[in-house]
Amino acid sequence: MYLASTQRLTLAGARKIVAAATARAEEAGIAICIVVVDAGGHPLLLERMDGGRFHTAHSASAKAVCAASNRRPTGPAGAQGQSLDAIHAIGLALAAGAERWTALEGGAPILVDGECVGGVGVSGGSFEFDERVAREAVEAIGASWRPNPR
């Protein structure tokens, strides 16, 4: 077979993800930036809340792209989930491109029936907050962020 059917994240889905993330951030009183990308890492939506720092747009974008590319949440592990020391984490970011890979928490893949349809990146809070908001935002559309749901 030379062709495969795939699912795609819609703009409506991206808007719902952003709405869920910003609602959570408003409750916490934290100004975040959230980026939603498609399966190829192309931006669908970027929103920076009032008061959000300008650098959060870049870090949220890198988190979203990295999560979609690796099909797993972002964090201090390599592309295959292996532990990385600081030198290897920096080397991987340099090799992949700083806009394509990050060791920072806050990125989550958008998985539907085991297929990655995109990624979400959240920046502006603590690493724990960004990670939690990204995961909850993915779940808001009925998708999963877990690479191997159990």
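A charge does sit over a ring: Arg-135 lies over the face of Trp-145, at 3.8 Å from the ring centre. The criterion here is NZ of Lys or CZ of Arg within 6 Å of the ring centre and within 35 degrees of the ring normal.

Residues are numbered from 1 along each chain as its sequence is written, and side-chain values use heavy atoms, with hydrogens and water left out. Since the model is predicted, local features need pLDDT of at least 70 and side-chain atom pairs count only at pLDDT 80 or more, while totals for chains, interfaces and linings use all residues.

The strands come next. Helices (H or I, at least four residues) and strands (E, at least two) are DSSP runs, numbered from the N terminus. Two strands pair if DSSP finds at least two bridges between them. Strand β4 spans residues 115-123. Its pairing with β1 (residues 33-38) is antiparallel and runs over 6 bridges. In this pairing, Cys-33 stands opposite Ser-123. Strand β3 (residues 107-112) is also joined to β4 by 6 bridges, again antiparallel. Ala-108 has Val-120 of β4 as its bridge partner.

Strand β4 is mostly covered, with 8 of its 9 residues buried. In β3, 5 of the 6 residues are buried, so this strand is largely enclosed by the rest of the structure.

Two hairpins were examined. In that of β1 and β2, 4 residues lie between the strands, and Gly-41 in the turn has a positive phi of about 85 degrees. In that of β3 and β4, 2 residues lie between the strands. Asp-113 is found in this loop. Its phi is positive, about 50 degrees, although Asp-113 is not a glycine. Asp-113 counts as exposed, at 75% relative accessibility. Arg-71 likewise is not a glycine, yet has a positive phi of about 60 degrees. Arg-71 is found in the loop between α2 (56-70) and α3 (86-96). With a relative accessible area of 48%, Arg-71 is partly exposed. For context, most residues other than glycine have a negative phi.

Disulfides, defined as pairs of cysteine sulfur atoms within 2.5 Å, number 0. Cys-66 is in no disulfide; the nearest cysteine sulfur belongs to Cys-116 and is 11 Å away. Cys-116 is likewise in none, and its nearest cysteine sulfur is that of Cys-66, 11 Å away. Cys-66 is buried, with a relative accessible area of 2%. Cys-116 is buried too, at 7%.

Two threonines were then considered. Thr-22 lies in helix α1 (residues 11-28). This residue is buried, with a relative accessible area of 8%. The side chain of Thr-22 reaches the backbone oxygen of Ala-19 at 3.2 Å. Such a polar contact is a pair of N or O atoms within 3.5 Å; within protein, one must be able to donate a hydrogen and the other to accept it, and residues adjacent in sequence count only if both atoms are side-chain atoms. Leaving aside neighbours within four places in sequence, Thr-22 is in contact (heavy atoms within 4.5 Å) with Ile-32, Ile-34, Glu-47 and Met-49.

Thr-102 is placed in the loop between α3 and β3. At 11% relative accessibility, Thr-102 counts as buried. A polar atom of its side chain lies 3.1 Å from the backbone nitrogen of Leu-104. Not counting residues up to four places away in sequence, Thr-102 touches Ala-62, Lys-63, Cys-66, Thr-74 and Gly-75.

Notes:
Buried < 20%, exposed > 50% of the residue type's maximum accessible area, 1.4 Å probe, protein only.
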